[in-house]
Amino acid sequence: MKKILEVKNIFKSYPAKPTPFKALNDISLNGYEGEVLGILGPNGSGKTTIIKSIASLLEYDKGQVLINGIDNLKDRKKILPYLGAVLDGNRNIYWRLTTLENIHYFSGLRGLDKNKTKKKVDEILKALMLEEIKDKEVRLLSRGMKQKVAIACSLIHNPALLLLDEPTLGLDIEISRGMEKWIKKYAKEEKKCIIVTSHDMDFIEEVCDRVIIIQKGKIIFEGNVKDIKDKYYNQKRVRITLNNRISESALNSLKEICDLKFETVDNKSTFSFKMKNIKSFHSLMGSINSHDLDLYNIHTMEDDFEDIFMDIIKH
């Protein structure tokens with residue numbers, strides 16, 4: 001695959017006392033055509049700083065960012081035709097203009113001829129299902145539709161690299177899932193590189209070919225979602241429900257075996273824990289039997305991607 005983006009050892013610090021705050025600390029990554037790359041991390045980890053550095057909206061202290069082989073700081077004007085970005089949701093479009101007027105406006109800023117881009121505009125409206133609201137003022141649209149209009153405006157010049165910062169933030173499930181399908185299809189069929197940040201783990205798992213997890217300005221993992229699950233998933237969550245309330249002594253006995261969460265609802269005692277190995281489960285069941293507890297049911301679950309992500313950033 002052709003390399004569209006190359007980020008080489010970039011650093012970015014902000015003044016702070018007693019020492020400068022390192023927002024980015026030796027970050028390197030690549031993006032390829034036909035690929036959706038997800039950047040994950042807790043708040044303040046450096047996700048937006050990376051995106052803004054790639055978009056040349058933020059001048060990093062050290063390192064280099066190449067888009068189609070062009071340095072994004074030394075030759076900023078040259079990289080603009082290859083770059084599209086939606087960084088602040090729908091705040092970068094004009095609410096008093098219609099969908100179509102917004103697209104034509106941003107097309108004009110790019111120096112594109114309105115008559116020559118008609119076919120491209122029609123394709124974008126159809127792809128994002130905006131045809132029916134093309135003549136509506138943006139202020140009258142739902143948040144999800146506004147987000148789509150912002151994306152449409154970023155696509156008019158056919159960029160090789162598209163940056164989407166929290167593209168599903170505040171969207172309902174139906175529009176969010178539609179966004180998933182479009183992003184995957186657009187990257188593959190148009191051979192574009194799309195980089196997304198999101199707190200929606202289901203969205204990231206469904207859309208991204210690769211993910212990068214950053215924390216405190218450093219990359220702590222890079223690979224696909226399956227790689228993450230294979231590397232970090234080694235436990236099952238077990239939920240056990242009893243038909244009766246559990247005594248304090250019995251509960252203390254169970255807590256000595258493993259770290260568990262406990263609650264009582266409608267005279268039924270329920271506790272859940274992560275099973276590190278089968279031996280701990282056998283020990284727990286032995287303790288339940290020895291205290292003559294009436295077992296109602298046992299339910300086992302695998303950690304989902306969000307659970308695994310939270311475990312990674314905690315440790």
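**Salt bridges, sheet and overall form**

Q: At 40% relative accessibility, what does Glu222 count as?
A: Relative accessible area (1.4 Å probe, protein chains only) is classed as buried under 20%, exposed over 50% and partly exposed in between. Glu222 has 40% relative accessibility in this predicted model. Glu222 therefore counts as partly exposed.

Q: What pLDDT do local features need in this predicted model?
A: Residues are numbered from 1 along each chain as its sequence is written, and side-chain values use heavy atoms, with hydrogens and water left out. Totals for chains, interfaces and linings use all residues of the predicted model, side-chain atom pairs count only at pLDDT 80 or more, and local features need pLDDT of at least 70.

Q: Which side chain meets Glu222 in a salt bridge?
A: A salt bridge here is a side-chain nitrogen of Lys or Arg within 4 Å of a carboxyl oxygen of Asp or Glu. The N to O distance for the Glu222 pair is 2.6 Å.

Q: Which three residues do salt bridges with shared partners join into one network?
A: One of the salt bridges is between Lys8 and Glu6, whose closest N and O atoms are 3.9 Å apart. Lys8 is partly exposed at 31% relative accessibility, and Glu6 is partly exposed at 22%. The network consists of Lys3, Glu6 and Lys8.

Q: How many residues apart are Lys12 and Asp61?
A: Their side chains meet in a salt bridge at 4.0 Å, N to O. Lys12 lies in strand S1 (residues 3-14), while Asp61 is in the loop between helix H1 (47-54) and strand S4 (62-67). Lys12 is buried at 11% relative accessible area, and Asp61 is partly exposed at 49%. The pair links distant parts of the chain, and the separation in residues is 49.

Q: Which are the edge strands of the six-strand open sheet?
A: Two strands pair if DSSP finds at least two bridges between them. The sheet has mixed pairing and the order S6-S7-S8-S3-S9-S10. Each edge strand pairs on one side only; these are S6 (83-86) and S10 (218-223).

Q: Which residue in S10 stands opposite Ile214?
A: Strand S9 (residues 210-215) pairs with S10 in the antiparallel sense over five bridges. Opposite Ile214 stands Ile219.

Q: At about what angle to S6 does helix H5 run?
A: Helix H5 (residues 143-155) lies across S6 and strand S7 (161-165). Angles run from 0 to 180 degrees between N-to-C directions of lines fitted to C-alpha atoms, for helices over the stretch in contact (heavy atoms within 4.5 Å). The angle to S6 is about 165°.

Q: What radius of gyration does the chain have?
A: The radius is taken over C-alpha atoms, and the globule rule is 2.2 Å times the number of residues to the power 0.38. A compact globule of 315 residues would be near 20 Å, but the chain has 25 Å.

Definitions and conventions
Helices (H or I, at least four residues) and strands (E, at least two) are DSSP runs, numbered from the N terminus.
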